[in-house]
Amino acid sequence: MRILVVEDDEVAAEYVKKGLSEAGHVVDLATDGDLALEMASAADYDALILDRMLPKKDGLAVLGELREAGNATPVLILSALGETDHKVEGLRAGGDDYLAKPYSFTELLARVEAIGRRSDPTAAVTKLKVGDLEMDLLARTVHREGQKILLQPREFRLLECLMRNAGRVVTRTMLLEKVWDYHFDPQTNVIDVHISRLRGKIDKEFETPLLHTVRGAGYRLQPA
Amino acid sequence: MSATQRKDIQPLGDLAETLGRLLRNTVFRLSIVGSLLFGVSLLVAQLIVYDTIVSSEERRVEQGLTEELTELELLFAQGGEAALRAAQQNGLLTEATPQSVAQAIFDQGAQQTLQRVITLRDLSPDVYSMFVFKDESATGKMVTDEIEALKINAPTLTQYDTTDLLREEVIATVEATDVADGDPVFEERRVLAIGHAVFQNDQKVGVIFVGRDVENIRRTGERMRRAMTTSSLIAVFLGVLSSIFVARRFARRVDSLNKLATDVQAGHLDRRAPRNYSEDEMDRLAEHLNGMLDHIDRLMQAMRYAGDSVAHDLRTPLTRLRTRLETAAVEAGDKPEADVLFAAAGDADQLLSTFDSVLRIARLEAGERRELLKPLDPKTVLDDLAELYEPACEDAGLDFSYDIRDGLTIMADRGLLSQAVSNLLENAIKYAGGGGGSKIRLTARKGARGRVSIEIADDGPGIPVFDRERVRERFVRLDKSRTLPGSGLGLALVDAVADLHQAELVMDDGLGNEAIQDGEVDHEGRPGLSVRLVFPRIKATRQSDDSKSKKQGELAD
C-alpha cells in the first residue's frame, strides 16, 4: 500500500515510516497540515495516517477539507487525545479509525492494513475463506474441511473480524472495539480467554492451526 | 357521584398546592403586604375626606343648633319674664296669685314669644325645627304647629334629668317634597335635636329642643361609607391579583435561572440565562450569572487544554519510547533480551494507562460528560459484559452467575457504565480469585423508591468496613493487594463514574455469609465484597405529563 504519514514529531514519524516500509508499504511523510493537504490531494494514497495536533493546520481540519473535496482515502487518526468523545469527534469528521497515543507499532500497522483500500468492497462479500475455513455471512455458518462448526454469536463475530483481516495482525484492542464496541482496555486477559475458546472450536480437532498468537501484538488468522 | 366528588377534590388540592406555592413566593408575599398597605392608606385618605365632608358638616349643624338653643332659652326666659311683668302691671298678678297661675302666665308668655320668633324667622325648607317640651307629666307636647306637623317620635321628658346638653336623634315623618301629584307620600327623615332642660328654682320645668333635618348629610355619609368600603375592597382585590401576576412573572424568571443552574450542574456548560436587557436587577443577575458561566467555561477550557497539552507532550515521548522498545523487542526475536524489552514496553503501557486514568477521572469529576447521559436499559450493557467476562471468570476458577432483570431504565452513558462495571468485575476476579473466593455474582434489579441497583458480589476476602471509604480515593491500595498488579485507580474511576451518574457507590459484605449458610466451612474471615451502584429513579422526560414528572422528580429527590 502507498501510505501518507502526517506527523509533526519527526522521530516518531521516522519510526513509523521505517516500520511500515519493513512491512512492505511505500511511505511518504508530511510534517504539517498544509503540506499534508497538498500531498494527499496530489497523489492517490491507499491510506492516510493523520496526527490530530499539527502545525499550521489542525488534523481534523485537513480531514474535513479532504472529505469536502471528495477525497475518500481511508484515514487513521492518530492523537494524544485519547478520550472517547475525541474518538467520536474524529470518526464523525470522516476518519475511518482512531488510535490514541501511545500506540504500539503493531497496533498501528494492524489498523492501517485493516482500513487500507481493498480490491473488493466489503459490502459485496457474503463468504469468507481462509485456508480450509469457510464462513457464510448470510447463513451465519462456519465450516472447516466440510465439517460444520457451531459458534456462539459473539464467537462468530470474533472469527469474522479475524477472517476479514486474514493474514494481518489484529490486536486485542481492535477486537475489543470491533467485536464488543468497548473503548477501554481491560487489565485482565478477557480477550485471550475468548480467543482460546474460539481456537478450541476451529483449530483443536484439525491438523494445521489457523489462529496464531503474535507476541506483543495480538492475533493473526493465517493458513499454515 | 364518586367521579364528581373526585373531580371536586382534585381542583381543590391543586388550589391548595397553588396557594402554597404562591405563599412561598417572596415577591407574592411582598406585593401582598404592599397592596394591604395601599388599601390601608386608601382607607385613611378616604376617612380624611369623610371627616371634612360629613363629620364637619354635622359638627357645623350641631354648633348652629347649640347657638339657636341658647338663643331660644334666652328668648324663652325673656318672654316669660315679660309676660309676668305685663301681668303685674295689669294687676292680673298679685302677691296672692298662686305660683301655678304665675307659672302658667310665664309659660304662656314664653311660649308665645317663641312662637313669634319661629314664625318671624324664615325657615329654610330643610326645616330647622324648634320645639319645646313642657310639663313633666306630659309625654311630650309640641310647642309649635310646625313641629306638630312633623310627627316626631318624641322622647319622653322624664328621662332628661340633667343640666347637660341633650343630644337626641329623632325620626320625623314629613311629606315628600319631590312628589308631583296624587296622594301625599310621607317619608321618614332623621332629625338631629339638641336640647336643654329648663330649671327654675332647682326644679325642672321643661325641656327646649332645637332640631334640624340631617337626613341629607346622613345619606351622603352612608353613600360615602359604602363607596369607601367598596373601593377599598376593590383595591385589595386588585392588589392581590396584581401580586399574583407579578409573583408569577417573577417566579418564571427565577425558575429560568434555577433551570439554568440545574442544566449547568448537569454538564451543559454552554447554557446561558435568558436576558431581556431591561437592566433591572433580575436582568443584571442574569448578566452576572452569564459572566460567571463564561468565566467557568474559559477555566474549563483552559484546564482541558492544559490537560490535553500535557497529555500530548507526555505521550509523544512515551510513544517514541514504547515504539523503540517494541521495535527492539521484535528485532531481538527469540533472544532472551526480547522478554526484557517486551516487559519494558508493557511498563510504558502501564505508565500511560495510569496517566490516562487520572486524566479520565479528572474529566469525569468536572462533570462535562453529564450531558451525554441518556435513558438506557442496563440489561443490554450488562449482558454484554457478562458474556465478555464469563470465560475469564471460569478461567480463574470462579463460578460466575448473573441475574439481570428486564425493563429497568437508568440515565447512563454506555461506555462509562461498561467501564465501571468492567472495573468492578476485574477487581472481583483479581481479588476474589486471588484470595480464595469461588463465586462472582452480577445482579441488576429494582431497588427501593424506583431506584436501580447493579451489584457485583464475590466471596473473596472483602474490604474491612473502616477501609471502605478510603479505597475510593485515587492511588489507595490496601496492604493485602499490593502484591497484585494494579494502579489503585480502578475504584476511584468507578466512584467518579457513579458521581457523574448521581448514583451511589455502596460497599458491603459479599457472599461470605451466604456461603457459610450453605454449609461451606472454610469462610472464616472471608466475608466477601459486594459493590453496588445505586442509580436514582429516572426522571420522566418533559414531553410527558409535566405535573406528573414534577411529582416524580420530587419523589426521586
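Two strands pair if DSSP finds at least two bridges between them. Helices (H or I, at least four residues) and strands (E, at least two) are DSSP runs, numbered from the N terminus. This is a predicted model, in which local features need pLDDT of at least 70 and side-chain atom pairs count only at pLDDT 80 or more, while totals for chains, interfaces and linings use all residues. Residues are numbered from 1 along each chain as its sequence is written, and chains are lettered from A and ligands numbered from 1 in the order in which they are written.

Stop 1: Select S11(A) and residues 218–221 of chain A, which form strand S12. The two strands run antiparallel and are joined by four bridges. Val214(A) has Gly218(A) in S12(A) as its bridge partner.

**Stop 2: helix H2.** Select residues 33–42 of chain A. Which residues of this helix are buried (20 or more other C-beta atoms within 10 Å of their own, with C-beta atoms placed from the backbone)? They are Gly33(A), Ala36(A), Leu37(A) and Ala40(A). Seen down the axis of H2(A), these buried residues fall within an arc of 95 degrees, so they line one face of the helix; the arc is that of the directions from the helix axis to the C-beta atoms. They pack against strands S1 (2–6), S2 (26–30) and S3 (47–51) and helix H3 (59–68) of chain A.

**Stop 3: two helices from two chains.** Select H8 (residues 190–202) of chain A and H8 (residues 378–395) of chain B. Their axes come within 8 Å and cross at roughly 85 degrees. H8(A) and H8(B) are therefore roughly perpendicular (65 to 115 degrees). Residues in contact have C-beta atoms, placed from the backbone, within 7 Å. On H8(A) the contact involves Val190(A), Val193(A), His194(A) and Arg197(A); on H8(B), Leu388(B), Tyr389(B), Pro391(B), Ala392(B) and Asp395(B).

Terms used
Buried ≥ 20, exposed ≤ 12 C-beta atoms within 10 Å, placed from the backbone. Contact = placed C-beta atoms within 7 Å. Axes fitted to C-alpha atoms, helices over the stretch in contact; angles between N-to-C directions. Parallel < 35°, antiparallel > 145°, perpendicular 65-115°, else oblique.
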